[in-house]
Amino acid sequence: MEFHIRCEAKDIARYVFVPGDHERAKKIAAHFDQAQLVSESRGYLVFSGTVDGIRMTVSSTGMGGPSAAICFEELGHLGANTFIRVGSCGTYQDHITCGDVIIATGTFRGGGTAHNYLPVPFPAVPNFEVTTALVKAAQRLGIPVHVGPGSSGDAFYGPKDAALQALLKQAGLLYREMESDTLFVLGAVRGWRTGALFACDGTATEVKPAWGEAAFRRGEENAIRIAIEAMKAIALGDASGKGSQA
Amino acid sequence: MEFHIRCEAKDIARYVFVPGDHERAKKIAAHFDHARLVSDTRGYLVFTGTVDGIPMTVASTGMGGPQAAICFEELGHLGADTFIRVGSCGTLQDDVPCGGVIIPTGVYRGGATGNQYLPPAFPALPNFQVLTALVEAAKRLGIKVHVGIGWTGDAFYVLPEPALIAKLKDAGVLSLDMETDTLFIVSSFRGWRAGSILANDGTSKEIKPAWGEELFRKGEEQAIRIALEAMKSIAQADAQEGQ
């Protein structure tokens, strides 16, 4: 029995979705067959079920690196080794708006938790196989996506250094969120496959505007569909022993 | 006329290979049609030609971030916007042999030149289109490649401390080289597309062993073939999109 997520190995699949929001965990579990509530503890809401006969788990991580890292580690203890974060994010770029879906290729390490694992110059990058599976899943579903780097940070309401923000915008960062740096660095340390995609809930100039809520919710559902389609492809590749269709 | 590479815009293609070694620049130019020597200055050896009718350039960068960054910047001034580094590397992993070909998905920023552009927390990443083009080109050519995280540093004869090396090995770091971090960071800063492909000339225990030389040279030629095939596919995609 893990200390915080209060689960055992029989409860957890190898293939895991890790949204921050527990409400999004419920939305992902709604796509499972035979979804079972496994645990509800300290804000971690965990469901397991199947998709096309493949066992999958979803666990909410809460917000920020520390709570997310505990969740990833305990899921790993129980046999999870393939993680897709399905998150929400803001954006740096003027051409991205509420409801757009962004697939991560690497994250600026503005968060602190991963520093306990590997020093800052180590790149926070997803596994290429998972990222490729996400991009191809989006193509199959006909959902347009943005693919590129972004940033993670620890303080949603913290002061922003205007000069740094301008630099990061110029350097092409797409998304800003709070957990993917931790997921990617832990994935490297623990030998897991990781990937992330986000639905954008803001614009380059507005944080979570009310007018964008309906568009964001459509983007969130698109991100969930892409993540499930990609995880299925990865699992089928594992079963065939050839790697995913990446 | 650029200060250091001594070229003009008419000499340089949009699509550029950037090996460290000027001898490798010659090997890449040998795959061009109508290759002509554009410049030979300060160790920068620059050739331009065509591949299947597509204008391409190769420029050797020399070793290390500072002179590589000058090379990238001056090529960028002249219109280059798509860069593939074709380099040599060492490895931390026991299962990567001499002559193994590595495609980095991101590199540890052990070098300092990139810090003048973007802070160390910024990830040194290839452009996803170029990364994918390299992996798919290798697949088409039937050449096995290792795809994953690398490390870049400034001091060939001083490796990171053993405790950090052990952590990096454990975290799956494949390659050790000296220019990929600078290429990726300068490219993010300038809005270029960049990728890197490296032929391994050592093992996890030996630096450039003499017995591995021939294997390395085979890997080098495979890396060159993959890079050329990838660049062609990128140029063809650009042409289709009318860019």
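## Helix packing in chain B: H3 and H6

In chain B of this predicted model, helix H3 (residues 128-141) packs against helix H6 (residues 213-240) at an angle of about 120°, and their axes are 8 Å apart. Axes are lines fitted to C-alpha atoms, for helices over the stretch in contact, with angles running from 0 to 180 degrees between N-to-C directions. Helices (H or I, at least four residues) and strands (E, at least two) are DSSP runs numbered from the N terminus. The angle makes H3(B) oblique to H6(B); angles under 35 degrees count as roughly parallel, over 145 as roughly antiparallel, 65 to 115 as roughly perpendicular and the rest as oblique.

H3(B) contributes residues including Ala133(B), Leu134(B) and Ala137(B), while those from H6(B) include Ile226(B), Ala230(B) and Ile234(B). Residues are in contact if their C-beta atoms, placed from the backbone, lie within 7 Å. By class, the contact of H3(B) with H6(B) has 9 nonpolar, 2 polar and 3 charged residues. Ala, Val, Leu, Ile, Met, Phe, Trp, Tyr, Cys and Pro count as nonpolar, Asp, Glu, Lys and Arg as charged, and the others, Gly among them, as polar.

## Helix packing in chain B: H2 and H5

The axes of helix H2 (residues 65-77) of chain B and helix H5 (residues 180-190) of chain B come within 10 Å and cross at roughly 35°. Among the residues that meet are Ala69(B) and Phe72(B) of H2(B), and Leu183(B) and Val186(B) of H5(B). This contact comprises 5 nonpolar, 3 polar and 2 charged residues.

## The contact of chains A and B

Chain A gives 24 residues to the contact and chain B gives 23 residues. On the side of chain A, strand E6 (101-110), helix H3 (128-141), strand E7 (146-153) and helix H5 (180-190) each supply at least two residues. The largest share, 6 residues, is from E6(A). This side of chain A has 15 nonpolar, 8 polar and 1 charged residues.

Leaving aside neighbours within four places in sequence, Ile102(A) is in contact with residues including Cys89(A), Leu174(A) and Leu197(A).

## Conventions

Residues are numbered from 1 along each chain as its sequence is written, and chains are lettered from A and ligands numbered from 1 in the order in which they are written. In this predicted model, local features need pLDDT of at least 70 and side-chain atom pairs count only at pLDDT 80 or more, whereas totals for chains, interfaces and linings use all residues.

Conventions: Two residues are in contact if their C-beta atoms, placed from the backbone, lie within 7 Å.
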